[in-house]
Amino acid sequence: MTNEIVNLALSKVMYPGFTKDIVTFGFVNSIKIDGNNVSFNVAITSSAPEVAQQIVDESTKELKAVGASNVTCNINAPKMPDAAPAPKSKNIAPQVKNFLMVSSGKGGVGKSTTSVNIAIALAAQGKKVGLLDADIYGPNIPRMMGLEGIRPEVNGNKVLPLKAYGIEVMSMGSLMEEGQSLMWRGAMIMKAIEQFLRDILWSELDVLVIDMPPGTGDAQLTLAQSVPVTAGLTVTTPQAVAIDDSRRSLDMFKKLNIPIAGIIENMSGFIAPDTGVEYDIFGKGTSGPMAAEFDTEIIAEIPIEPSIREGGDTGKPIIFVSPSSETSKRYAKAAESIWATIEAVNADGGATNESVQPTTPPGVSACSV
């Protein structure tokens, strides 16, 4: 066994993925021959263990074919790269200090009405507030805020939010023709949510109140991954069907590590407009066990009151036009409770969405790994 025989045998070993052999590449060195025992080093450029193993196997095969008894192939490979650092918290709207996600398990429970009145209540308490209507399929905020038919101005490649009742407002309903239907797949919804956060010229806001679509789908996950949501508010009604769905909303907050600001129970009783007497026609406080289950509380029981519906239909929210009403007082108290939660979250280090960032490379589906 000679160096010439060894080099000739190893010249038949192709570097994995190339049409060039390891000898021609200049990777083989420190050949030692002791009778029919051969040892040598191969310095490769890949840290992949499967590349090293293939070279060892093929080198052993070729050398034994020319008479080697024992073959020792020492692979010198670069160190495997360290694992990628954990995803960091992401915020594509850094000018906004806090984000309040208003969610519900199902539609028709008064989520948009709650978002409007809570936003105005926070503004009345001295906060600089924005209201984002992220309910892409059912954008009702323009009507409720008296902004129907008004189109936002464009500044360069950014859109200026509309203004009403002392707050900044943006909605898909302000960008599309009245009555136009949207038949979008999840990816388009996700892109729209990101654009509402990144491409709207929001001011330096104390809080952005975000009226989410019903349920726990793409829009909610996209929002949670795009900005660190400071607190989540769940809206329900007293009926068991609504409460069942609201549990899913609260469970979503837990899974996304969003602090829960509380539950608002709508249609919690009925205030007769002629007498002012409140009747529990649908039940009242039935969300209590659910609140206890998720370690939160009912921060407001909002009754059925004709002026709430009238205000929503005419663009005159009750919290603004009738601040002394019982309902307005309850919204104001709920806003104070929500802000207390936000302050507590910030005092404890602030919100983060690091744990819900995607871990698959861009363009790769999580379902494929």
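Modeller: Happy to! First, a word on terms: helices (H or I, at least four residues) and strands (E, at least two) are DSSP runs, numbered from the N terminus. This is a predicted model, in which local features need pLDDT of at least 70, side-chain atom pairs count only at pLDDT 80 or more, and totals for chains, interfaces and linings use all residues. Residues are numbered from 1 along each chain as its sequence is written, and side-chain values use heavy atoms, with hydrogens and water left out.

Biologist: Thanks! In which loop is Asp295 found?

Modeller: Asp295 has a phi near 55°, a positive value in a residue other than glycine. Asp295 is also exposed, at 73% relative accessible area; exposed means over 50%, buried under 20%, and partly exposed in between (1.4 Å probe, protein chains only). Its place is the loop between helix 8 (288–293) and strand 14 (298–304).

Biologist: And is Asn257 buried, partly exposed or exposed?

Modeller: Asn257 has a positive phi near 55° and is not a glycine. Asn257 sits in the loop between helix 7 and strand 12 (260–271). Its relative accessibility is 46%, so Asn257 counts as partly exposed.

Biologist: Which residues does Met252 touch, leaving out those up to four places away in sequence?

Modeller: Met252 lies in helix 7 (residues 240–255) and is buried, with a relative accessible area of 7%. From Met252 to Gln220 is 8.7 Å, C-alpha to C-alpha, and 32 residues in sequence. With contact meaning heavy atoms within 4.5 Å, Met252 touches Met101, Ser103, Gly215, Thr216 and Gln220.

Biologist: How far does helix 11 reach from its first C-alpha to its last?

Modeller: Helix 11 covers residues 326–347, 22 residues in total. Its buried residues include Tyr331, Ala334, Ile338, Trp339 and Val345, and Gly349, with a positive phi near 115°, follows the helix. The expected span is 1.5 Å times one less than the number of residues, and helix 11 comes close to that expected 32 Å, reaching 32 Å.

Biologist: Last one: why is the protein described as more spread out than a compact globule?

Modeller: The protein has 11 helices and 14 strands. The radius of gyration is taken over C-alpha atoms, and the globule rule is 2.2 Å times the number of residues to the power 0.38. For 369 residues the rule gives 21 Å, and the protein is more spread out than a compact globule because its radius of gyration is well over that, at 32 Å.
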